[in-house]
Amino acid sequence: MAFIEVKDLSIVYRSRRGEEITALEGVDLEIDEGEFVAIVGPSGCGKSTLLKAISGLLRPRRGVVRIGGRVVEGPYDGVGFVFQTPTLLPWRTVLGNILFPIEMKGLRKNDYVEKALKLIEMVGLKGFEKKYPGELSGGMRQRASLIQALIHDPRILLLDEPFGALDALTREELNMELQRIWMREKKTSILVTHSISEAVFQADRVYVMSPRPGRIIHVEEVELPRPRSFEDSSSPEFLKHVNNIRRFIFGQGEKT
Ligand SMILES: Nc1ncnc2c1ncn2[C@@H]1O[C@H](COP(=O)(O)OP(=O)(O)OP(=O)(O)O)[C@@H](O)[C@H]1O
Ligand SMILES: [Mg+2]
């Protein structure tokens, strides 16, 4: 049995006016422990919804999410989540923000300070521990959010467009960083992104979703060796994956 198992998942939102919006319909995924998968699809197709459902923040209308064989029925503790919208608290320092999830879980902050400082150094934020989010660049804020998601050593890392708001150079740099982190820690990871090449760069497998209601319309297996570099992204093998995925997103692929 896969580590993360999503079976026939449907999620329906109810708007304030009482209308029902089907965000996901009949989604199936199987992700093994230690795998890195990516999810791509048009805006509004339900990618963020899918991550929230996997982490137990949303209840399915139909179907089920299982992690380690157990049905997820409420917020799952073992996930680190980098949300699409910034979540750093402006009135807390970098270090204070990174330790915030530890406090929320009722753990002893002091037990995690050393680890936090190590992670801060690892992503190149040393010297910025005492700064406030407003004093950081966008890239630095995303580095801090990434550490915040890793601080409690989660079994699963969920990344919702973590680099979407960054310039191309910073984005490349952070993607290299993310690859390094994954290669070292082999945390089961799910990356949502609008960038097809970012998905192919990072993932063992890319799921392509249809417009809302989101369904999986294609699964692209990426077996390129790691570490991958940005020079690789112009290789024929890399481009073959990108073009396959593109065909499905723009509707010329065969439905599976
Ligand atoms: N809280 C909510 N109440 C009602 N509808 C919602 C809610 N959250 C999302 N939706 C709707 O569900 C659909 C899927 O939203 P979701 O945020 O999952 O899309 P997405 O694929 O992450 O989009 P994007 O790429 O723009 O981030 C959209 O049509 C959205 O309008
Ligand atoms: Mg989203």
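Where in the chain is the place of D153? D153 sits in the loop between helix 5 (138-150) and strand 7 (156-160). Helices here are DSSP runs of H or I with at least four residues, strands are E runs of at least two, and both are numbered from the N terminus.

1. Basis. This is a predicted model, where local features need pLDDT of at least 70 and side-chain atom pairs count only at pLDDT 80 or more, while totals for chains, interfaces and linings use all residues. Residues are numbered from 1 along each chain as written, chains are lettered from A and ligands numbered from 1 in the order written, and side-chain values use heavy atoms, without hydrogens and water.

2. Positive phi. D153 has a phi near 55°, a positive value in a residue other than glycine. D153 is partly exposed, at 49% relative accessible area. (Buried means under 20%, exposed over 50%, partly exposed in between, with a 1.4 Å probe and protein chains only.) D8 also has a positive phi, near 50°. D8 belongs to strand 1 (residues 4-14). Its relative accessibility is 35%, so D8 counts as partly exposed.

3. Shell of ligand 1. There are 13 residues around ligand 1, and S43, G44, K47, T49 and Q84 come nearest. (Near means that a heavy atom of the residue lies within 4 Å.) By class, the shell has 4 nonpolar, 7 polar and 2 charged residues. (Ala, Val, Leu, Ile, Met, Phe, Trp, Tyr, Cys and Pro count as nonpolar, Asp, Glu, Lys and Arg as charged, and the others, Gly among them, as polar.) Helix 1 gives the most, with 3 residues.

4. Polar contacts of ligand 1. A polar contact here is a pair of N or O atoms within 3.5 Å. The side chain of S48 places an N or O atom 2.8 Å from an oxygen atom of ligand 1. For Q84, a polar side-chain atom is 2.8 Å from a ligand 1 oxygen atom. For H194, the corresponding distance is 3.0 Å. The protein covers 67% of the 640 Å² of accessible area that ligand 1 has on its own. (Areas come from the Shrake-Rupley method with a 1.4 Å probe.) Strand 2 (20-31) and helix 1 (47-54) are the elements that give two or more residues to this shell.

5. Magnesium. Which residues coordinate the magnesium ion (ligand 2)? They are S48, through OG, and Q84, through OE1, at 2.0 to 2.3 Å. The pair links distant parts of the chain, 36 residues apart: S48 is in helix 1, and Q84 is in the loop between strand 6 (79-82) and helix 2 (94-98). Donors are N, O and S atoms within 2.8 Å of the metal (3.2 Å for Na, K and Ca); water is not among the atoms, so sites may look incomplete. S48 is buried at 19% relative accessible area. Q84 is partly exposed at 44%.

6. Cis peptide bonds. One joins R212 and P213, with omega about -5°. P213 lies in the loop between strand 9 (205-209) and strand 10 (216-221). Another joins R226 and P227, also with omega about -5°. P227 lies in the loop between strand 10 and helix 8 (236-249).

7. Aromatic pairs. The structure holds 3. The rings of F81 and F83 are stacked, because their centres are 3.9 Å apart and their planes at 5°. (Phe, Tyr and Trp rings, with the six-membered ring for Trp, pair if their centres lie within 6.5 Å; planes under 30 degrees apart count as stacked, over 60 as edge-to-face and the rest as tilted.) F81 is buried at 13%.

Definitions and conventions:
Polar contact = N/O pair within 3.5 Å; in protein donor to acceptor, adjacent residues only side chain to side chain.
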